[in-house]
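Colleague: Could you take me through a few residues of this structure? Please keep the terms clear for a beginner.
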Amino acid sequence: MYLRSTFSRCMTALSSASDAADHPVPMQDKSLQISPIKYHWTRKNLSIALPALIGMMIDPLLSLIDTFYTGRVGSTELAALGACTSIFHLAFNAFRATTAATTSLVANALALNSNDDSNNGINATDFTKSSGPQSILANDDAQTVVALSLKFGSYMGLAVLVALLAGGNAALHHMGIPKTSLLHKPAADYLFTRCWVAPVVLFMGVAEGAFRGYGNTMVPLTASIVAAGINVVLDPLIMFPPINMGVQGAAAATAVAQIGAALVYAYYLLRRNMLPRKSAVLKKRNPTAENVAAAKKTKEQARGVVKSILGANLSMIMKQGSLLFGWAYATARATRLGATQVAAHQVALSVWLVFAFILDGTAVSAQVLMSRAYAIKDKPQVKSLTKYMIGFALLQGLISMLVVDGLDLLVPRLFTSDKAIQAHLHHVMPHLAWQQVIVSLTLVIESLAAGANQFSILAIGTTFSTVLALWQMSRQASIDGIWFLGIGTLFVGRLLTACVAVTRALWIMKKTDDRQIQKS
């Protein structure tokens with residue numbers, strides 16, 4: 001009741017704050033008064049965030065579908081799936097940091113190229129819909145970023161595949177599932193079936209970041225729908241009789257679904273001219289002096305882009321890797337507490353991921369819009385956007401908190417009939433509820449910092465937060481404590497880090513303005 005009683009007051013305060021951010025107050029001196037700039041952040045935010053919200057549901061939806069059907073197979077298989085899910089989160093999502101890095105780099109390149117032609121240098125334009133020679137030439141930098149990032153992602157995907165094949169059993173052992181465990185066979189079946197799509201998953205991550213940077217979140221939405229549809233159809237067909245592959249069938253269905261999503265990305269990458277394939281062919285066929293000079297310039301630009309890509313990606317991989325290691329440790333700790341506790345942890349994690357990805361839709365919009373505004377050093381827009389996004393993050397966090405709080409009676413019965421697992425879930429669900437506000441603020445403010453290229457601070461701060469969270473988790477004797485103190489500590493630390501990063505970005509912009517004023 002307390003949560004619901006404070007919600008209406010927060011809604012009123014946030015409504016006025018959002019109006020203030022959308023419509024800055026004009027100057028009062030009539031002799032100097034100018035028309036107020038209307039940024040229309042709500043319209044721009046929703047045009048990017050809503051498709052992104054649905055598009056990003058691919059991972060948690062696939063996980064929820066697998067969890068739902070695996071729970072019908074048995075509690076042993078459900079517990080095994082929990083360990084495997086954490087391994088894949090660590091193996092795949094650590095390198096999904098390339099999504100955030102690619103988004104910022106592509107959006108920065110497009111903002112700089114379109115600064116002279118756009119209204120105040122920032123809009124919600126879907127650049128992938130532009131056509132013609134001028135638009136292709138104007139987006140050369142962005143196309144180079146996309147091409148090199150896809151190569152980087154593919155190489156990393158192959159490395160992840162080799163690592164999983166070579167160290168899969170060791171990873172299961174560290175997750176508390178040795179070869180002597182009853183959980184080992186179903187866990188190994190799932191792990192070694194799904195790991196073959198590692199290069200596909202890393203390709204998808206980079207492609208998603210590229211489309212986000214271009215302001216196009218409809219293609220990721222399309223890929224998400226295709227993947228979810230394939231998985232919903234295949235899971236019951238191959239998990240249960242007559243094929244009866246069980247948990248291995250769940251892995252196979254997920255892998256096929258991810259391949260289907262990757263094909264959607266590949267199709268639109270080629271169709272929307274987001275790769276520099278055509279210009280390279282023209283230069284080879286016409287080796288004129290102009291083309292040779294352009295080729296040299298392209299190579300120099302490529303070297304600079306490679307440095308930017310490596311720097312941004314390595315920082316974000318460090319951030320994401322430490323974060324996902326914390327999640328993996330939480331699952332390992334729950335596994336050692338018993339099959340019923342890790343099964344409850346798996347259900348809680350699946351539910352948490354659904355809401356986290358919903359909240360992350362606004363974070364995608366925040367990163368894209370901040371990348372464009374910060375690239376052209378427009379201080380009023382950056383300040384207005386920051387104020388608006390923080391208010392919106394608080395609002396959606398409160399709404400999500402109320403929804404999760406209301407799901408306490410439904411979720412335990414929906415996913416399992418085991419009374420022990422249901423009891424553990426009833427203890428965990430309140431923690432999932434109050435964490436929604438912190439998670440929402442963390443994701444959005446982190447994205448603002450990433451849009452301002454504050455990758456290093458995010459990486460270092462998240463690493464320290466993870467270490468502190470691991471220490472808290474190691475002291476807990478139940479998943480209740482793991483979620484309350486362990487996961488809670490992790491996100492409070494990330495939130496503080498994100499606030500420091502955004503503050504630093506604003507300070508750098510102010511310092512740059514002061515220098516320009518002194519020079520003039």
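Modeller: Helices are DSSP runs of H or I with at least four residues, strands are runs of E with at least two, and both are numbered from the N terminus. This is a predicted model, where local features need pLDDT of at least 70, side-chain atom pairs count only at pLDDT 80 or more, and totals for chains, interfaces and linings use all residues. Residues are numbered from 1 along each chain as its sequence is written, and side-chain values use heavy atoms, leaving out hydrogens and water.
Colleague: Where is L269 placed?
Modeller: L269 belongs to helix α11, which covers residues 247-271.
Colleague: And is L269 buried or exposed?
Modeller: L269 is buried, because its relative accessibility is 3%. Buried means under 20% relative accessible area, exposed means over 50%, and partly exposed lies in between, with a 1.4 Å probe and protein chains only.
Colleague: Which residues does L269 touch?
Modeller: Leaving aside residues up to four places away in sequence, L269 touches V146, L150, F203, A207, F211, M274 and L275; contact means heavy atoms within 4.5 Å. F211 is 58 residues from L269 in sequence, with 8.5 Å from C-alpha to C-alpha.
Colleague: On to the backbone: what is the peptide bond from P241 to P242?
Modeller: That bond is cis, with omega near 10°. P242 lies in the loop between α10 (218-239) and α11. Most peptide bonds are trans, and most residues other than glycine have a negative phi.
Colleague: What is the phi of N273?
Modeller: The phi of N273 is positive, near 55°. N273 sits in the loop between α11 and α12 (277-285) and is partly exposed at 25% relative accessible area.
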